[in-house]
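Good morning, and thank you for making time for this item.

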Amino acid sequence: MKNLFKISGLLLLVLFVLACSRCNSKNVDICKCLTEPGNSEWNQINKTACDEAISKEIGVENWLTVNMSQNPSVSEKFDELERSCR
């Protein structure tokens, strides 16, 4: 019976950790990220999630550090993303 409680507790702990790991990866509307004014309350709250989502969408580690003029393929992906939001 004690083993059952240990296994149940361990299972709950694992489920909690998995659920919490998803708490940090917010789902945001990328188009809103690109169009919302930078000083808006929504943008300030979601800035990190927006940066992560944009980076993931165009396939780079951090889109803010990419020199778009020297990386035309990433620049094109960003432009396509922006066009899809119109």
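A residue is called buried here when its relative accessible area is under 20%. By that criterion, buried residues account for 22% of the 86 residues in the protein. Please bear in mind throughout that this is a predicted model.

The secondary structure consists of 4 helices and 0 strands, so that the order from the N terminus reads α-α-α-α. The accessible surface amounts to about 6,800 Å², and carbon and sulfur atoms hold 56% of that area. Turning to contacts between residues at least 6 apart in sequence, 25% of them link residues at least 24 apart.

Let me move to the interior. In soluble globular proteins, nonpolar side chains tend to be buried together. The largest nonpolar core of this model has 13 residues, and those touching the most other members are Val-28, Ile-54, Ile-58 and Trp-63. Two or more residues each come from helix 2 (30–35), helix 3 and helix 4 (72–84), with helix 3 providing the largest share, 5 residues.

What is Ile-54 in contact with, leaving aside its neighbours within four places in sequence? The partners are Ile-30, Cys-33, Leu-34, Trp-63, Phe-78 and Leu-81.

Finally, the largest pocket has a volume of about 210 Å³. Its lining comprises 10 residues, of which Lys-26, Asn-27, Glu-52, Ala-53 and Lys-56 are the closest to the centre. Helix 3, spanning residues 41–58, contributes the most to this lining, with 5 residues.

Key
Residues numbered from 1 in each chain as written. Predicted model: local features only at pLDDT ≥ 70, side-chain atom pairs only at ≥ 80, totals over all residues. Heavy atoms only, no water. 1 Å grid on protein atoms, 1.4 Å probe; cavity = no way out; pocket = protein on both sides within 12 Å on 5 of 7 lines; lining within 4 Å. Points joined across faces, edges and corners; volume = space filled by probe spheres on them. Core = buried A, V, L, I, M, F, W, Y, C linked by side-chain atoms within 4.5 Å. Buried < 20%, exposed > 50% of the residue type's maximum accessible area, 1.4 Å probe, protein only. Contact = heavy atoms within 4.5 Å. Areas by Shrake-Rupley, 256 points an atom, 1.4 Å probe, with all protein chains shown as cover.
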